[in-house]
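Here is a quick tour for anyone opening this structure for the first time. Have a look around, then read on.

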Amino acid sequence: MRRMRNVKIVATLGPASSDYEMIRKLFEAGADVFRLNMSHGAHEDIRARHQIIRQIEADTGRPIAILADLQGPKLRVGTFANDSEELEEGASFRLDLSDAPGDATRVQLPHPEIFAALEAGASLLINDGKIRLKVEACGKDFADCTVTVGGTISNRKGVNVPDVVLPLAALSQKDRKDLEFVCELGVDWLALSFVQRPEDVIEARALANGRAAILAKIEKPAAVQVYDSILAVADGIMVARGDLGVELPVHAVPPIQKRLIRKARAAAKPVIVATQMLESMIESPVPTRAEVSDVATAIYEGADAIMLSAESAAGSYPIEAVTTMNNVAISVESDSTYRDVIEASRKVVRTSVADGIVAAAREIAESADIKAICCFSQSGTTVSLVARERPRVPIIGLTPLVGTARRLCLTWGTHCVITEEQDRFKGAVISAVRAAREQGFATEKEHIVVTAGVPFNVPGTTNILRVAPCDERLIHRAEAE
């Protein structure tokens with residue numbers, strides 16, 4: 001099952017997409033990665049969906065990536081005696097640790113760590129920023145505020161604190177239990193919420209202990225400020241625009257999105273653009289023109305993947321949402337402007353032999369009649385380096401490791417094939433040309449480029465490149481000569 005596009009599609013599973021028939025239809029419509037949202041669903045539900053995905057993988061013969069998205073700490077106000085109150089602009093309002101029911105003048109904020117970090121002048125956002133408070137004075141158990149944007153405040157609404165780095169770990173106790181559960185289950189990627197610093201990613205990596213790759217969600221201003229350090233220790237990035245748009249001015253998010261994508265691409269690490277991409281399709285079979293343009297923009301920027309959340313998890317039209325994304329991607333990538341933009345944004349990186357090999361592979365593939373670049377890889381690093389080049393021809397990732405094949409389902413332009421281990425380059429070339437023919441990328445009369453590392457089965461040794469005919473007789477003849 002060959003995709004006719006390079007960008008990958010991540011589809012979130014939920015009540016609208018929880019049985020074999022629906023999940024398989026989503027895969028056939030174009031989903032490459034399935035997201036399990038740990039904020040919703042008991043472990044039994046998560047296990048059942050995981051088993052269904054693996055069954056579809058076995059039935060179709062294609063590797064599928066599973067992404068478990070950890071909830072992260074949830075900061076919420078307490079409850080109100082009347083369930084809700086109206087806050088007027090300019091009014092005074094206190095947040096404190098008292099568990100007494102709230103009223104129009106105060107409410108509990110059961111998070112002493114927030115009070116410990118607050119300073120006068122800081123902003124507090126409630127209910128996704130619909131209510132905004134300015135801190136006038138604060139102590140270890142209170143914050144006296146002025147309402148700068150009023151509205152209805154009700155029980156247990158979420159709180160965002162954009163101006164300060166909170167002394168909170170990215171992993172709550174629930175997250176730690178969830179992390180262990182999904183790692184034992186066998187997911188391929190872990191998305192880490194509430195990342196504020198690189199140490200958050202390092203902690204999650206230690207707990208995962210190699211069982212899953214770590215994707216850092218960039219959803220807080222503090223993470224944007226130290227993005228380079230977070231990118232250095234993460235395996236991938238998610239641009240979580242929903243929370244970024246709450247904690248930052250909405251007009252600041254598009255340039256940040258572009259910057260985060262380009263840096264992730266330069267680092268050869270996959271980047272997902274997420275949140276509200278086809279939001280109207282939760283209730284409508286047709287998206288808005290603005291949403292289609294939004295999806296197209298992420299593709300033009302060179303994102304590895306675009307993500308559906310509630311659209312596929314709880315919406316009325318999950319298959320239509322995936323189909324729409326697939327069609328938009330094919331249309332955008334067929335546009336000559338797409339190649340102009342992608343190539344103009346290519347950052348030249350030449351610091352190792354592997355960098356030189358993959359750059360040469362792209363240049364040869366684009367200057368001759370080459371049908372695919374085939375990469376043998378244990379860890380997936382070579383494939384990621386080739387994907388960073390954003391070549392005009394497909395990338396075939398060949399690996400004997402099913403875990404590597406699944407993780408690479410998130411990487412731009414990559415078609416993964418699980419193959420036998422090789423100990424000689426000739427055997428690798430023959431496996432590559434067979435895969436290219438069998439998967440429909442080339443005919444016997446055409447050529448591919450093959451990259452690998454010698455000695456084989458040692459990660460990070462990419463050092464050899466060959467232009468190979470897809471006619472095996474010519475390969476044997478050349479070896480004999």
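Let's start with I373, which sits in strand β17, a stretch covering residues 370–376. Keep in mind that this is a predicted model. Is I373 buried or exposed? Its relative accessibility is 0%, so I373 counts as buried, the cut-off being under 20%. Leaving aside residues up to four places away in sequence, I373 touches A361, R362, A365, V386, P391, V393, P394, I395, I396 and V449. R262 makes a handy reference point: 111 residues separate I373 from R262 in sequence, and their C-alpha atoms are 23 Å apart in space.

Now zoom out to the domains.

| Domain | Residues |
|---|---|
| domain 1 | 6–71 + 168–333 |
| domain 2 | 82–158 |
| domain 3 | 351–476 |

Going by C-alpha atoms, the centres of domain 2 and domain 3 lie 56 Å apart.

What about the chain as a whole? Along the principal axes, the C-alpha trace spans about 90 × 45 × 45 Å.

Buried residues account for 56% of the 481 in the protein chain. As for charge, the mean positions of the 56 positive and 64 negative charges are 5 Å apart.

Definitions and conventions
Residues are numbered from 1 along each chain as its sequence is written. This is a predicted model: local features need pLDDT of at least 70, side-chain atom pairs count only at pLDDT 80 or more; totals for chains, interfaces and linings use all residues. Side-chain values use heavy atoms; hydrogens and water are left out. Domain bounds come from an automatic or database domain assignment. Buried means under 20% relative accessible area, exposed over 50%, partly exposed in between (1.4 Å probe, protein chains only). Lys and Arg count as positive and Asp and Glu as negative; His and the chain ends are not counted. The place of a charge is taken as NZ of Lys, CZ of Arg, CG of Asp or CD of Glu. Helices (H or I, at least four residues) and strands (E, at least two) are DSSP runs, numbered from the N terminus. Contact means heavy atoms within 4.5 Å.
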